[in-house]
Amino acid sequence: MWINFAESEILPPSCTWVFPCLGLVQFNKQSTEKAKEDVKRILQILNDHLLHSTYLVGERITQADISVVCNLLSLYQLVSF
């Protein structure tokens with residue numbers, strides 16, 4: 001579930017926000033603003049889930065945690081919230 005969440009919910013707005021910063025696509029203010037709102041919503045979902053657990057699934061790091069982090073990495077490296 002979380003791997004799918006990372007690929008379908010995190011990656012699209014992440015790319016929409018980051019790609020113009022890298023010069024890969026032309027900046028579109030409306031798309032970027034929507035992506036920012038989507039990312040804030042996604043981070044709230046993750047924050048709510050992680051309030052009561054250390055990892056997304058179980059008691060150890062899993063592929064789900066790695067997938068979510070990898071899809072969030074470029075946001076933390078290239079843009080400011």
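I count a residue as buried under 20% relative accessible area, as exposed over 50%, and as partly exposed in between (1.4 Å probe, protein chains only). I start with E33, which is partly exposed at a relative accessible area of 35%.

**Ground rules.** I am working on a predicted model, in which local features need pLDDT of at least 70 and side-chain atom pairs count only at pLDDT 80 or more, while totals for chains, interfaces and linings use all residues. Residues are numbered from 1 along each chain as its sequence is written, and side-chain values use heavy atoms, with hydrogens and water left out.

**Salt bridges.** For a salt bridge I need a side-chain nitrogen of Lys or Arg within 4 Å of a carboxyl oxygen of Asp or Glu. How many salt bridges does the structure hold? I find four.

I looked up E33 again. Its salt bridge partner is K36, with the closest N and O atoms 3.6 Å apart. Helices here are DSSP runs (H or I, at least four residues), numbered from the N terminus, and strands are runs of E, at least two. K36 is partly exposed, with a relative accessible area of 25%.

Next I took D38 and K34. Their side chains meet in a salt bridge at 3.1 Å, N to O. Both residues lie in helix α2, four residues apart, about one turn of the helix. Is D38 buried or exposed? D38 is buried, at a relative accessible area of 19%. K34 is exposed, at 52%.

I noted a general point on spacing. An α-helix has 3.6 residues a turn, so residues three or four places apart point the same way.

Then I checked E9 and R41, whose side chains form a salt bridge at 3.4 Å, N to O. This pair links distant parts of the chain. E9 sits in helix α1 (residues 2-22) and R41 in helix α2 (residues 29-50), 32 residues apart. E9 is partly exposed at 30% relative accessibility. R41 is partly exposed as well, at 39%.

**Aromatic rings.** I pair rings of Phe, Tyr and Trp (its six-membered ring) if their centres lie within 6.5 Å; planes under 30 degrees apart count as stacked, over 60 as edge-to-face and the rest as tilted. The count comes to one aromatic pair. The ring centres of W2 and F5 are 5.3 Å apart and their planes stand at 80 degrees, so I log the pair as edge-to-face. W2 and F5 are three residues apart in helix α1, about one helical turn. W2 is buried at 9%. F5 is buried at 13%.

**Helix α1.** Where does α1 bend? I find a bend of about 40 degrees at I10, with a proline, P12, following within four residues. The bend is the angle between axes fitted to the seven residues ending at a residue and the seven starting there. The buried residues of α1 include I10, W17 and V18. Their cover includes α2 and α3 (63-78). After α1 comes G23, with a positive phi near 80 degrees.

**L72.** I ended in helix α3, where L72 is found. L72 is buried, with a relative accessible area of 10%. Which residues does L72 contact, leaving aside neighbours within four places in sequence? I list I10, L43 and L46, with contact meaning heavy atoms within 4.5 Å. L72 and L11 are 61 residues apart in sequence, yet their C-alpha atoms are 7.8 Å apart in space.
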